[in-house]
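These are my notebook entries on one protein chain. I set down here what I looked up, entry by entry.

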Amino acid sequence: MDQDLKLYGAWPSPYSLRIIWALKLKGLSYEYIEEDLANKSDLLLKYNPLHKKIPVLVHVGKPICESVVILEYLEEKWPNQYPLFPSDPYERAVARFWVKYFEEKSVSLWIIFRATGEEQERAVKDSLEMLKTIEEHGFRNQKLFFSGEKVGIVDIIFGWISHWLKIIEEVGGVKLLEENSFPNLQKWMKKFKEVLVIKESLPNQEKLFLPFKLTRDMLLAS
């Protein structure tokens, strides 16, 4: 059945990928519209006039903005098609905690990407503290994924670091993950990227490097 879903996104954006992963896991059909963020379409500006950002999901003509909000909408609208949240109320609360934690703390990763000097050094310190917290407290009961034996909402929220963290390191000229550091986190990253829906959707890292490098250069020059 056609769900009348349209996703406005951009291929280098990890936030667009969050929605693609959720849509595919839930088996929902959708139309994908690639946005040129340097020349945003009139429809994107119409659907997200406040922030003018992607991703935007349009369902039956109604826009939903911000990746976490979109994921919550998909879960509430199609709760029985591959549930993203655990069924147990306590486990759902734990999942929401980690979603909120990562959304607040992962800002430091993007500061690494766009900053230099002392500002970048502080962001590296904050990012390492975040990764340490996830390593020590996020992987309870040695589960394969954050909420169990299959990808859930927390994995989707955290998921972009499994692929984009390397880009941030290379473009920002820093090193966050050493070979033997954060073993639980690195094990999860490997398992997450092996999930077929995830693996098939990930953009080529070499292709990702150039737009991120150009964006950093532009930000530093402004």
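**Entry 1: the model**

I worked from a predicted model, in which local features need pLDDT of at least 70 and side-chain atom pairs count only at pLDDT 80 or more, while totals for chains, interfaces and linings use all residues. I numbered residues from 1 along each chain as its sequence is written, and the side-chain values use heavy atoms, with hydrogens and water left out.

**Entry 2: annotation and domains**

I looked up the UniProt record, an unreviewed entry, which places the feature "domain: GST N-terminal" at residues 3-82. UniProt positions are given in the numbering used here, feature names are shortened, and annotations may be inferred rather than shown by experiment. I read 36% helix and 21% strand over residues 3-82, and the end C-alpha atoms of this stretch are 16 Å apart. Helices (H or I, at least four residues) and strands (E, at least two) are DSSP runs, numbered from the N terminus.

I then took the division of the chain into domain 1 (5-77) and domain 2 (89-221). These bounds come from an automatic or database domain assignment. Taken over C-alpha atoms, the centres of domain 1 and domain 2 are separated by 21 Å.

**Entry 3: the interface**

How many residues does each domain give to the contact? I noted 14 residues from domain 1 and 21 residues from domain 2, where contact means heavy atoms within 4.5 Å.

The size of an interface is often given as the accessible area lost when the parts come together. Domain 1 and domain 2 bury about 1,600 Å² between them, and 76% of this is on carbon and sulfur atoms. Buried area is the accessible area (1.4 Å probe) that two parts lose on being put together, summed over both. Trp11, Arg18 and Trp21 supply 42% of the area that domain 1 buries against domain 2, more than any other three residues.

I counted four residue pairs in polar contact between domain 1 and domain 2, both residues at pLDDT 80 or more. A polar contact is a pair of N or O atoms within 3.5 Å; within protein, one must be able to donate a hydrogen and the other to accept it, and residues adjacent in sequence count only if both atoms are side-chain atoms. On the side of domain 1 that touches domain 2, H1 and helix H3 (67-77) each supply at least two residues. The largest share of that side, nine residues, comes from H1. The rule for salt bridges finds one across this interface.

**Entry 4: salt bridges**

I used the rule that a salt bridge is a side-chain nitrogen of Lys or Arg within 4 Å of a carboxyl oxygen of Asp or Glu. The count comes to seven salt bridges.

Arg18 and Glu103 form one of them, at 2.7 Å from N to O. This pair links distant parts of the chain, with Arg18 in helix H1 (residues 14-25) and Glu103 in helix H4 (residues 89-105), 85 residues apart. Is Arg18 buried or exposed? I found Arg18 buried, with a relative accessible area of 0%, whereas Glu103 is partly exposed at 26%. Buried means under 20% relative accessible area, exposed over 50%, and partly exposed in between (1.4 Å probe, protein chains only).

Glu194 and Lys190 form a salt bridge at 2.8 Å, N to O. Both residues lie in helix H9 (residues 183-194), four residues apart, about one turn of the helix. Glu194 is partly exposed at 41%, and Lys190 is exposed at 54%.

Arg114 and Glu119 form a salt bridge at 3.3 Å, N to O. Arg114 is partly exposed at 39%, as is Glu119 at 33%.

**Entry 5: two buried polar residues**

I located Ser108 in helix H5 (residues 107-114), buried at 6% relative accessibility. The side chain of Ser108 makes a polar contact with the side chain of Ser127 at 2.8 Å. Leaving out residues up to four places away in sequence, Ser108 touches Ala123, Asp126 and Ser127.

Where is Asn48 found? I placed Asn48 in the loop between helix H2 (42-47) and strand E3 (56-59), buried at 4% relative accessibility. The side chain of Asn48 reaches the backbone nitrogen of His51 at 3.3 Å. Not counting residues up to four places away in sequence, Asn48 touches Lys53, Val56 and Cys65.
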